[in-house]
Amino acid sequence: MSMLTTVYLIERYGLRLTMEQLAQVLGLAVATLHARIARGELAIPTYVDGKMRFADTRDVAEYLDRLRAEARQAMEA
């Protein structure tokens with residue numbers, strides 16, 4: 001995982017992202033994000049704390065870095 005991605009996300013959002021913040025990062029509507037979570041289609045682990053759902057910033061950074069690596073590989077192929 002890229003430390004740069006992690007540091008950027010922590011600086012911008014803190015150690016965990018709300019679903020609204022995660023939707024913004026992923027470029028999704030909040031309803032779409034919730035639907036993907038409900039269907040088990042989101043590749044980022046989330047957890048409930050109190051009444052709110054969160055994603056750990058490190059998991060989000062790892063996911064974004066993985067997408068970038070896959071895109072680079074596809075372009076090189």
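Three strands form an open sheet in the order 1-3-2, paired antiparallel. Strand 1 (16-18) and strand 2 are the edge strands, each with a single partner strand, so one side of each has no neighbour in the sheet. On average, neighbouring strands here are turned by 40° against each other, direction ignored. Pairing requires at least two DSSP bridges between two strands. Strand 1 and strand 3 (residues 52-56) share three bridges, in the antiparallel sense. Leu17 has Ala55 of strand 3 as its bridge partner.

This is a predicted model: local features need pLDDT of at least 70, side-chain atom pairs count only at pLDDT 80 or more, and totals for chains, interfaces and linings use all residues. Residues are numbered from 1 along each chain as its sequence is written, and side-chain values use heavy atoms, with hydrogens and water left out.

Helices (H or I, at least four residues) and strands (E, at least two) are DSSP runs, numbered from the N terminus. The axes of helix 2 (residues 19-26) and helix 3 come within 9 Å and cross at roughly 100°. The two helices are therefore roughly perpendicular (65 to 115 degrees). Contact means heavy atoms within 4.5 Å.

| Helix | Residues in the contact |
|---|---|
| Helix 2 | Met19, Glu20, Leu22, Ala23, Leu26 |
| Helix 3 | Val30, Leu33, His34, Ile37 |

Ile44 sits in the loop between helix 3 (30-39) and strand 2 (46-49). Ile44 is buried, at 4% relative accessible area; buried means under 20% (1.4 Å probe, protein chains only). Leaving out residues up to four places away in sequence, Ile44 touches Leu22, Leu26, Ala55, Asp59, Val60 and Tyr63.

Key
Buried means under 20% relative accessible area, exposed over 50%, partly exposed in between (1.4 Å probe, protein chains only). Axes are lines fitted to C-alpha atoms, for helices over the stretch in contact, and angles run from 0 to 180 degrees between N-to-C directions. Angles under 35 degrees count as roughly parallel, over 145 as roughly antiparallel, 65 to 115 as roughly perpendicular and the rest as oblique.
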